[in-house]
Each structure stands twice: as C-alpha cells, then as structure tokens.
Amino acid sequence: MNTLPQQLANGLFLGSMYGLIAIGYTMVYGIVQLINFAHGEIFMTGGFGALSVYLYVLPNGTSMWIALPAMLIGGGIVSVLIAVGAERFAYRPLRGAPRLAPLITAIGLSLALQQVVFNAYPNAKTDLTFPQLPFGPWHIGSISIQSGSVFVIVAAPLCMAALALFVSLSRTGRAMQATAQDPDTAQLMGIDTNRIIVIAFAIGGFFAAVAAVAYGLRYGTVKYDMGFQMGLKAFTAAVLGGIGNIYGAMIGGLVLGLAETMATSYIDGIPGMQQLGGGGWSSVWAFVLLILVLLFRPQGLVGERVADRA
Amino acid sequence: MRQRSMVILTAVLTTGALTLTACGSRDDSGDSKGSKKTEIIIGVDAPLTGQNSATGLGIQGGVQIAVDDANKNNTVPGVTFKVKALDDKAIPASGQANATQLVQDDKVLGVVGPLNSGVATQMQQVFDTANLVEISPSNTAPELTQGKNWQTSKTRPFKTYFRTATTDALQGGFAADYAYNTLKKRKVYVVDDKQTYGAGLAKLFKAGFTKSGGKLAGEDHVNTGDTDFSALVTKIKNSKADLVYYGGQYDESEKLTKQLKDGGAKIPLFGGDGMFSDTYIQTAGKPSEGDLVTSVGQPVDSLASAADFIKKYKASGLKGDYGTYGGYSYDAATAIIKAIGAVVKDGKIPDGARAKIVAEVQKTKFDGIAGPVSFDEYGDTTNKQLTVYQVVDGKWKAVKSGTFNG
C-alpha cells in the first residue's frame, strides 16, 4: 500500500491547524511587533469556551449539527474577549515601553491564563472529553479521513479566504495594512491605530478558537496545557512562513505539518537513518527545516525583507 | 580574600542553621511526653496535577485512607499520623526536589511514591542518604531494585527503596505470553514514549513476543505530550500488524488508540499498567473497546479484602483512580505504619529511627488488602500476581490473572 497520499493528507490536516493559530501570531506581530506568547493560551481558552457551551449552555444531547456552530461562536467569544482584554490591560499600557517589557508580560500572561483554567475550570486537572462529530471516518481511495479532520480542512481555507478578502478589500483591512507599514503615518492620516490593533487581536483570537475546536474534534480532548506545544509550533510556522505575513502563516503551517508528518513516516526508512526517524524525531526535523529556511531566507518563505526596527 | 570570607560566612551560617534546626526538633519530641500525641508524617510523592494525575491522586487517596485507619484504630499508641502529599507533575526534577523537602522534615518517617519509574531514579539516592524508607506502589522498572545490569547480575542499589508492584520484567513477558498464546497475535507494532518505564516495558514485551515466535511489524517512538499520531497510525496500518503494543502512559495512548481506530486500523492496542486508568476509556471513547493492559496484582474490585477500602474511598470523596494503585498504596502506607509501630514506643521517636524503620520494613510480612505484603532481598514484592484487563462495554474487565516467572 502506498502511504504517501495518506501521509500528505495527515500533514495537511495538522498543518492547517498550525496555520490557523499562526495567523494570530503573525497579525499581532505585523502591526505592533509583539510576539504574543500568550496566544497559545488564547487558543486553549477557545477550546474550553467551546466545551463549556456544549456542557453547560446547550441542553443535553443536542445534535452536533446545531451544537458545532454554537460551540464555534461560544469559543470564539471567549478567545476574542481574552485576546482583546490582554491587549487592553496587559499590552496597551506598555505600548511605548522597551520591546522586552511586553514580551515578558506575554509570557507571564500565558502562565497566568494556564493556571486560572487549571484551578478554576471544573475537573481541568486532567484531559476533558470533547464532543465528537457523529459521522465518519471516510475512506477515499487509500486515504481515510476522520470526522474531525473534515472540519479543519473545510474551516481553514474558509477562514483564510475570508481574511484575505477582508484585509485586501475592506476599508478596515486597508487601514490595517497601512498601520502595519507605518503606524505613525497611518495615525496622521486619520486611522485610529488603537482600534486597528484591537481588531488584529480579535481576529487572531477567533482563528485560534476555530483551531481549538478543530483540535478538540480531532483529538477528542482539551487540556489546560494544550496551548503550550501547539502555540510553540504555530509560532514556528509563523516564523517559517515569514512573520507579519498572513499568507506566510498559513503556508508556514502547512509546510511545518507536512515536514513533521514526512519525518515521522519516511526518515527511518532511509538506510542508515533508522535511529534518527520516527515520531520521536519529528519535531527535530521540523526545526532543522526552520533553521535551513532561516539560513537562506531570514525573512521566511514568503516574508518581505524589512529593516529590523528593534 | 573576599571570596574566602564569603565561604567562611556561608559555612558559619549553615552550621548555625543546622544546629538550630536540630535543637528545634529535640524540643518537639520533648513536648510530646505529655498528653499530646506525637505527630508523624507519611510523605507522598506522585503526580497530582497534569499528566498521570488520575493515577497519582489514587496513590494519595490510598495512603490517606491507610493513615485515617491507623489513627482511628490507634495502631501505634501515642502517635497521630498525617499525610504530606507533594506533586511531582511526573517530572523527575520535581520528584528530586520533593524528596529533598521530605527528607528535611524530621517528622517524615516514611514515603509512599512515586508513580513514575523515571521519577524514582532521581529520588532513590536522596532517600538513601537520609536513611528514609520509600515504598513505591507502582514503579515497575527492574533496575530500580536490581541494578543497571539486572539481566546478568542483580545487585540492590538502594537499601531504603521498596515496592509493592512487581516489575516490568514480569509484566512485559506476561503481556507477550498473553498476546501470542491467548490472543493468537503474530505481528506486533511496538511503540514507546522513550521514558524509563515505557521504553523498558516495550523492550521486554518485544523480547518476549519474538522469543515466542511472533514477528515485529515495526517500531516507533513518540514524545510525551504529543497529540497528533496520524502519521504513525498510517505507518502502523501499512505494516499490516495485528496488534499494537504501547509502552507508556494513558495520556498519549488514549489519543493514539482513537486515531488508530479512526484511521481504519481495527487492531487492539495493548499496554502496561500506565494505561490502566478509567481516564483512558473515558477520553478515547468507543475506539478503546477491545484494548488491553496488564497490571500488577489482582483487580482490587474482585478482592474481598479490599471491599472495605473501596467503600471508604468512594465515601471519602477522594479523587483519582483507586483501581490501579490505590490498594497497593494502602498496603505500602500500612507497611510503613507497622514498621513505625515497631520502632516508636509510647510516642517517643528513638535516635536513628529512620534507619530502624528501614530494617523493620525489610522484615514486613502481613496480609494487605491487595495481597500478601513482604519484600525480597532486593526490596521487590514477593507477590508476583499479574492481571490482563480488557475494555469491554466501556469498562476494564479482568480477563486473566496469574503469576509469571519469566
């Protein structure tokens, strides 16, 4: 059996999820040059928000067809509120401060959010079961697709297309581009940059919530520390694609997902590489790829070369 | 010059601090001569949060009930027992820090834990130096009691370390025997999590299975904390294996089994006692149906001696899975309490009590709630019972109990 199509599909599903989270890193960085390390936790709270809607808001036994949109909205609201709140109360007061101050704040916020969920959410000390879609898995040719993967493969391109249209066509979207290029001049041209920054955080938060629902559907659980590893990978994806570039985030995510999958599947089949392949080494190869890309294209795969403002 | 004076200052301060603490503890024991009972602490170290915490909390609960029973029955006159539970988060370095903390507390005369073999490796030396007895209800890595070269020449590395669980040397072989002879599986795919426990168990299963005549369809490793196993699942499916053996904990295996079945590979996952948790079934859901584990001892639920324990556990509102190691934790704590009873008379803790308690634990012999409790010359339990459990209708069901001697 040829496993390549299946492995490509696996990589695409995983990568789409990375990409959705990476959007949040890249948009915030593009506009305020802040690496929002709390974004992984915004992703996590989205998952818990969606789960709460299912457990506590909807009546027991609601069909997933009705529950899923409600969970998306609920998770989205939680993530967006936390992202916007973080911007308003943690990052905005530090807008003029040296670059390190908001960075450390972000790390602190990340730990704080994790601990709050861990201590306050009922039974959050272990994995919590996430509701599953009542259909699938499907088998198309030699590829089998889980129901949770269908969600991400539909949601990710939709979100991406909507975002691309929004940024390039709407008035607010163009104001975002202007703010990203030069915040001071944008402000002089009458753009309310504070509003633009809030919108960037909100969009990142919503995408993270979509990714969190995808995560829950795919792996069947949510956990208070799920944001750490996913956040780290998504940040890597954003850098790989070119941080600041929304298309780069998605492409970086896909490349990273494919790289991990390929490393797991094929490297230990290469003669002499048996010790260096398999699931345990997938992250290593993903980071080797990142280093290689950054060696030759420091701006990332599709990033533009910009003078370092640090 | 300046550096030297710093060294002297530090030395003076440390000596002073040590003297003061020594004085402090002497005062404590002086007080207890009156009507007040001496307080003795049984330490617990286990993952109480995060990974493996469901089983970890079961250990804490088991010890708590043993201590409550001892206090109620006045097992050791003049002494009240207390539990001091520390969370190691399944991280070896945290375990070592906790061990240091427990050793420094003079009231701690015995410790139950840890859950994870990898954590134990970092704690044994600390306890050994302090002569503090440590009984693990769940560590199964053979080298903990029988030394690094346990396959060729057994030597006991630490005299203060005991366990009420039997070793992977038996567990891996028992599982391999069941897989080959009872399940009639012939091609196995072996996965482990690269930890002391998981990798060791997987290796022993592999050795046992291939020795019986089974074939190895493939082998891979995962990282703890990984969630996406789709690539691995595709490899397993492609290898045409009829069984997957997983050496590791439930945190990863519950996701692996779900992705395995969703990915179209309808073969059971077989694992060790690290997977034996209700959380595994709850999280994996239907896909876990038919999966198997081996666990040490006999099912607590089926033992008449444990009925009272289970009743108390359920009534107490304690969290965690008592089913896996709760009974063993109870027995471990009881062994320590009994040893303390032999050493501490009328609430007076003699000099060198810790060392004397170690010697008493070595001589332990009683019928615990999970089976007879006594230790061999390596600190291993003499109770070599093992049980295979299978998920049937969403519950772990014992399918075979027996002893295995390699």
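Two residues are taken to be in contact if their C-beta atoms, placed from the backbone, lie within 7 Å. By this criterion, among the contacts of chain A that link residues at least 6 apart in sequence, 74% join residues at least 24 apart in the predicted model. The secondary structure of chain A amounts to 11 helices and 4 strands, and buried residues account for 52% of its 310 residues. Along the principal axes, the C-alpha atoms of chain A fill a box of roughly 60 × 55 × 35 Å.

Leu290(A) is classed as partly exposed because 19 other C-beta atoms lie within 10 Å, whereas a buried residue requires 20 or more. When neighbours within four places in sequence are left aside, the contacts of Leu290(A) are Thr236(A), Val239(A) and Leu240(A). The C-alpha atom of Leu290(A) is separated by 24 Å from that of Val152(A), a residue 138 positions away along the chain.

Chain B is divided into domain 1, comprising 14-166 + 302-374, and domain 2, comprising 168-296 + 386-402. The C-alpha centres of domain 1 and domain 2 of chain B lie 31 Å apart, and the contact between the domains takes 17 residues from domain 1 and 19 residues from domain 2. On the side of domain 1 of chain B that touches domain 2, the elements giving two or more residues are helix H2 (53-73) and helix H4 (117-129) of chain B. Of the elements on this side, H4(B) gives the most, with 3 residues. By residue class, the side of domain 1 of chain B that touches domain 2 divides into 4 nonpolar, 12 polar and 1 charged.

Chain B also contains an open sheet of 5 strands, in which the order is E2-E1-E3-E4-E5 and the pairing is parallel. Strand E2 (79-87) and strand E5 (161-163) of chain B form the edges of this sheet, each pairing on one side only, and neighbouring strands are turned against each other by 25° on average, with direction ignored. The parallel pairing of strand E1 (residues 38-46) of chain B with E2(B) extends over 9 bridges, and within this pairing Val44(B) has Ala85(B) in E2(B) as its bridge partner. Helix H3 (residues 92-104) of chain B lies across E1, E2 and strand E3 (108-112) of chain B and runs at about 175° to E1(B).

Antiparallel pairing in chain B was found among strands E10, E13 and E14. Strand E10 (residues 292-296) of chain B is joined by 5 bridges to strand E13 (residues 385-392) of chain B, the two strands running antiparallel, and Val296(B) stands opposite Leu386(B) in E13(B). E13(B) in turn pairs with strand E14 (residues 395-403) of chain B, in the antiparallel sense and over 8 bridges, with Lys397(B) in E14(B) as the bridge partner of Gln390(B). E13(B) and E14(B) form a hairpin with 2 residues between them, and in the turn Asp393(B) has a positive phi of about 50°.

Notes. Residues are numbered from 1 along each chain as its sequence is written. Chains are lettered from A and ligands numbered from 1 in the order in which they are written. This is a predicted model: local features need pLDDT of at least 70, side-chain atom pairs count only at pLDDT 80 or more; totals for chains, interfaces and linings use all residues. Two strands pair if DSSP finds at least two bridges between them. A residue is buried if 20 or more other C-beta atoms lie within 10 Å of its own, exposed if 12 or fewer, and partly exposed in between; C-beta atoms are placed from the backbone. Domain bounds come from an automatic or database domain assignment. Ala, Val, Leu, Ile, Met, Phe, Trp, Tyr, Cys and Pro count as nonpolar, Asp, Glu, Lys and Arg as charged, and the others, Gly among them, as polar. Axes are lines fitted to C-alpha atoms, for helices over the stretch in contact, and angles run from 0 to 180 degrees between N-to-C directions.
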